Amino acid sequence: MRTGVIGIGHGKFGRREVTVQELAFEPFREALDDCGLHQKDLDALIVGSSPEYHRQRSLSGVVAEYLGMNPKPTFLVEAACASSSAALATADAYIRAGIYDTVAVLGVQKMLELSTPEILALMGRVGDVQWESGFGTTFPGYYAMFAHRHMYEYGTTREQMAAVAVKNHHYGAKNPNAMFQKEITAEKALASRMVASPLTLYDCCANADGAACMIVTNEETAKKADTPIWMAGLGSATAPMSVLRREKLSEIPSAIDAARNAYKMAGIEPKDVDVADVHDCFTIAEILAYEDLGFCEKGGGGKMIEEGETHIGGRIPVNVDGGLKSKGHPVGATGVSMAVEAVKQLRGEAGERQVDGAEVALMHNVGGIGQYCFVNILRR
Amino acid sequence: MGKLGKVDFVPFSKVDGIEERLKEGKISATRCKKCKNIYLPPRMDCPECLDEEMEWVDCEGKGTLVTYTTIHAAPAGFEDDAPYTICLVDVEGGGRLVGWLDGKEEDLKIGMGVSVGIRDLPEERMIYFVTPEE
Ligand SMILES: [Zn+2]
């Protein structure tokens, strides 16, 4: 039994003056249009989102109602920035188990309805609130500490990190759903204001509102679609959330474990990946991902971006939809957004950003600073 | 947590008595009586043997700099402190802690020896401070 993707939808990411359920409606309708189904054909709606950003409580119920899904079942799946990857994995399991045939997986996040003080307060509670947050740690601060450690162990440079931002903005400029559709230069990135040393503003992705949706179904139904895309490998793992309890700080251990599981299930090796979307919440995170996913040897991530190996035409094009960096990062929507891009690439529908002949796509979605990681492999 | 750190987020924990130890200038970890594992940050439940028999042990306050960052965009409660430098230190004897740097970021080298002390903050709070060793 395989699970297939038959419908995709992706809303515009950025500052959206709409409610969370209105945000959800756009990609949901698009995904249903894409496969010619109606709500009555769906067995459930599984929502991935991080509820702490929303004013609206009991999110999936409210969204299901607005999308016309009553009385079909719905529930929320949460794994911080990887929430909708967790939702996708849940849908996959339900389908493989034969409990549901066809499921809508929705990633949705409204982040920009919070006031600045509310955002600052949330920002102060990303780490272990018992032992770390009292020292003023922040989300960029954690990745900044990974960056300094990686620079120390492997000689990675700020210029290499800036090259990630330049690449992702280059491709994001061609993605109409991206929050920032503009090219940037390395000079501008390096000169931008410091957020948490060594990371500057252009090393960081931006909070955004956004939603993405996909319709997944069992093998029998998927085979009837024009170009079904198969969920070939699903891997997930965890690591200590606290940097005080994590042995190595120059890698995301959960990503290494999740990747191993996904490759094993799909029966492929890293070199078989034709195109990848990785979790570049910060530029250093993309460099860590190259290594954690086995795209290069440990410490080789900086060189990999520098030598253009992850550009289109390179060995493994990465984040050619713009990544979190250019698309924006609506926490709960990011996982499904990555999966939607993988499906577009495998169908050959990625337009200017198409990687020719892509047969195998990988997505790598990190929750928080690596307490969760989901790696999925999709194929034609 | 028990007056440690500038802002307190956690009102209750099984880790009791750390405030008194901090006031005595002690950097303290817990040790499982059964498997002898040392926990810094301290905890009262051992995940190795799923046991709850713990005792306090004091550390020397010497360690190695693991990594660091200077926070410029500060969260709520730290607006007036920025920029401040956060250090992660592997403490001799076991465990790791986070502390604020007493010194200049430029002088830091990962892997260098550091000493850790405790300082008072306003409102009877306390914080670990990290000083590079020559
Ligand atoms: Zn024990």
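Author: R260(A) and D257(A) are 3 residues apart in helix 9 (residues 253–266) of chain A, so about one helical turn separates them; helices here are DSSP runs of H or I with at least four residues, strands are runs of E with at least two, and both are numbered from the N terminus. This is a predicted model, in which local features need pLDDT of at least 70 and side-chain atom pairs count only at pLDDT 80 or more, while totals for chains, interfaces and linings use all residues. Residues are numbered from 1 along each chain as its sequence is written, chains are lettered from A and ligands numbered from 1 in the order in which they are written, and side-chain values use heavy atoms, leaving out hydrogens and water.

Reader: In what do the side chains of R260(A) and D257(A) meet, and at what N to O distance?

Author: Side chains of opposite charge can pair when their charged atoms come close. A salt bridge requires a side-chain nitrogen of Lys or Arg within 4 Å of a carboxyl oxygen of Asp or Glu. The side chains of R260(A) and D257(A) meet in such a salt bridge, with an N to O distance of 3.0 Å.

Reader: Is D257(A) buried, partly exposed or exposed?

Author: Buried means under 20% relative accessible area and exposed means over 50%, with partly exposed in between, using a 1.4 Å probe and protein chains only. D257(A) has 28% relative accessibility, and therefore counts as partly exposed.

Reader: Where in chain B do D102(B) and R119(B) lie, and how many residues apart are they?

Author: D102(B) forms a salt bridge with R119(B), the closest N and O atoms being 2.5 Å apart. This pair links distant parts of the chain, since D102(B) is in the loop between strand 6 (96–101) and strand 7 (113–121) of chain B, whereas R119(B) is in strand 7 of chain B, and the two are 17 residues apart.

Reader: At what angle do the axes of helix 6 and helix 10 of chain A cross, and what is that arrangement called?

Author: Axes are lines fitted to C-alpha atoms, for helices over the stretch in contact, and angles run from 0 to 180 degrees between N-to-C directions. Angles under 35 degrees count as roughly parallel, over 145 as roughly antiparallel, 65 to 115 as roughly perpendicular and the rest as oblique. The axes of helix 6 (residues 158–172) and helix 10 (residues 283–292) of chain A come within 8 Å and cross at roughly 95°, which means that helix 6 of chain A is, to helix 10 of chain A, roughly perpendicular.
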